[in-house]
Amino acid sequence: MSVRRNEEAVSRFVERFAAQLTEAGMQRMASRVFAQLLASDGGAMTSAELGEALRISPAAVSGAVSYLTQVNMVSREREPGSRRDRYVLHNELWYETFTRRDQALTLFEKTLREGAASLGTHSPAGARVAETAAFFEFLQHELHCLMDRWRDHRATLDLP
């Protein structure tokens, strides 16, 4: 059974969520393209479909998907039997995004620990850098626990 969508309401959602993503630091056009993909039933759209839905130029779509591909939020797939590309949201998008953040936290922590040792952990700067490293270590541990709890919780949800 197909559910009829209120395209005006969908458009308002896309723009509202895109504005929030932009406010959080994502590029404006990338935010709009990402929100549109998220709101699409298939989680995938062609460049032409994105341009039409968002009323933006092919160049704007191209720049946005380049950014989203670079940060691993979408991937490019060839449309079967066509030369057109489709842009696809990754499965478990948020989990993957936070996992990548975890990798960055590991790198930050390592560099900060080395920096604290170079500065001397008893100097004011060394102590400050060591505390920052400890914060990232704590954050990373909590993130692992949180993601484990999310997987357990997601299994209880009535989602497709």
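## Starting at Glu-7

Glu-7 is partly exposed in this predicted model, with a relative accessible area of 48% (buried is under 20%, exposed is over 50% and partly exposed is in between, with a 1.4 Å probe and protein chains only). Its salt-bridge partner is Arg-5, and the closest N and O atoms of that pair are 3.3 Å apart (a salt bridge is a side-chain nitrogen of Lys or Arg within 4 Å of a carboxyl oxygen of Asp or Glu). Arg-5 has a relative accessible area of 27%, so Arg-5 is partly exposed too.

Residues count from 1 along each chain as its sequence is written, and side-chain values use heavy atoms, leaving out hydrogens and water. Because the model is predicted, local features need pLDDT of at least 70 and side-chain atom pairs pLDDT 80 or more, while totals for chains, interfaces and linings use all residues.

## Overall layout

Along its principal axes, the C-alpha trace spans about 65 × 40 × 30 Å.

Of the 160 residues, 31% count as buried. As for contacts in the protein with a separation of 6 or more, residues 24 or more positions apart account for 48% of them (contact means heavy atoms within 4.5 Å).

How many salt bridges does a search of the whole structure find? It finds 10 salt bridges. Side chains of opposite charge can pair when their charged atoms come close.

One of these sits on helix α5, residues 93-119, where Glu-109 and Arg-113 are placed four residues apart, about one turn of the helix. Their side chains meet in a salt bridge, with 3.3 Å from N to O. Is Glu-109 buried or exposed? Glu-109 counts as buried, at 13% relative accessibility, while Arg-113 comes out at 39% and counts as partly exposed.

Helix α6, residues 124-156, carries another pair: Asp-148 and Arg-151 lie three residues apart there, which means that about one helical turn separates them. The N to O distance in the Asp-148 and Arg-151 salt bridge is 2.1 Å. Asp-148 is partly exposed at 38% relative accessibility, and Arg-151 is partly exposed at 39%.

## Two loop residues with positive phi

Which loop holds Arg-55? Arg-55 is placed in the loop between α3 (47-54) and α4 (58-70). The phi of Arg-55 is near 55°, a positive value in a residue other than glycine. With a relative accessibility of 75%, Arg-55 counts as exposed.

Asn-72 belongs to the loop between α4 and β2 (74-78). Its phi is positive as well, about 60°, although Asn-72 is not a glycine. Here the relative accessible area is 34%, so Asn-72 is partly exposed. To sum up this pair, Arg-55 is exposed, whereas Asn-72 is partly exposed.
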